[in-house]
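User: I'm new to reading protein models. Could you walk me through this one?

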Amino acid sequence: MQIVLLASDGSAHADRAVAYLIGQIQQGGLLSDACAVHLLNVQPHLPSRISQGMSAEDLHEYYQSHSNSALVTAQAQLQQAGISSTVHSRVGAPAASIVACAKELDCQSIIIGSHGAGLTLGSLLGSVASEVVRLSELPVTLVK
C-alpha cells in the first residue's frame with residue numbers, strides 16, 4: 001500500500017495539490033486505490049509577544065482551530081471523491097514538521113503545492129516547498 005502525506009495550508013496552491021492527488025488515485029496513475037492518505041497542516045509558533053499571555057489550553061485551542069480551518073476544503077474535496085484520509089495537525093517549523101511527520105508515518109512520498117511563479121528558487125516553489133525538497137529523503141511531488 002502506498003502511504004502519502006499531503007501537506008496543506010488551506011491555500012489555492014494546496015487545493016491544487018489535493019486535486020492532483022485525487023486525479024492520480026481516480027485515474028489509476030502513479031497512485032492506486034490502495035493508497036493511504038495522511039493530510040497534514042502545520043501551524044507556525046506564535047511570536048512570544050502574543051503567546052506569553054495565553055494559557056496552554058488557549059494556545060492548543062488556537063492552533064487546533066486554525067489547523068482545522070486550513071484543512072476544511074482539502075478534507076471536503078477528498079471526502080467528495082470518496083477518498084478517506086487521516087488528519088494530522090502539528091505546531092512548529094512547517095517544512096521540518098512536514099518531513100518529520102512523513103517519516104513518522106512511514107510515508108513513501110510527500111505531495112505539496114507550490115507557488116509556481118517568480119525568478120528565484122524560493123519564490124518559484126515557495127519557501128516551505130523548497131525547504132521540504134531540501135530536507136526530505138522521500139520523493140516530493142510539487143504541484144503547480
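User: How many helices and strands does the chain have?

Analyst: Helices (H or I, at least four residues) and strands (E, at least two) are DSSP runs, numbered from the N terminus. Here there are six helices and five strands, and from the N terminus they run β-α-β-α-α-β-α-β-α-α-β.

User: What span does helix H3 reach?

Analyst: The expected span is 1.5 Å times one less than the number of residues. H3 covers residues 56–80, 25 residues in total, and reaches 35 Å from first to last C-alpha, close to the expected 36 Å. H3 also bends by about 40 degrees at Leu71; that's the angle between axes fitted to the seven residues ending there and the seven starting there. After H3 comes Gly82, with a positive phi near 75 degrees.

User: Which residues of H3 are buried?

Analyst: An α-helix has 3.6 residues a turn, so residues three or four places apart point the same way. Buried means under 20% relative accessible area, exposed over 50%, and partly exposed in between (1.4 Å probe, protein chains only). In H3, the buried ones are Leu59, Tyr63, Ser67, Ala70, Leu71, Ala74 and Leu78. They pack against helix H1 (12–26), strand S2 (35–43), helix H2 (48–51) and strand S3 (85–91).

User: How many aromatic pairs are there?

Analyst: Rings of Phe, Tyr and Trp (its six-membered ring) pair if their centres lie within 6.5 Å; planes under 30 degrees apart are stacked, over 60 edge-to-face, the rest tilted. That gives one aromatic pair. The rings of Tyr62 and Tyr63 have centres 5.6 Å apart and planes at 70 degrees, so the pair is edge-to-face. Tyr62 is partly exposed at 27% relative accessible area, while Tyr63 is buried at 11%.

User: What is the mean pLDDT of the chain?

Analyst: pLDDT is the predictor's confidence in each residue, from 0 to 100. The chain's mean is 89, and 89% of its residues reach 70 or more. Over residues 117–125, though, pLDDT is below 50. Where pLDDT is low, the predicted coordinates should not be read in detail.

Conventions: Residues numbered from 1 in each chain as written. Predicted model: local features only at pLDDT ≥ 70, side-chain atom pairs only at ≥ 80, totals over all residues. Heavy atoms only, no water. Contact = heavy atoms within 4.5 Å.
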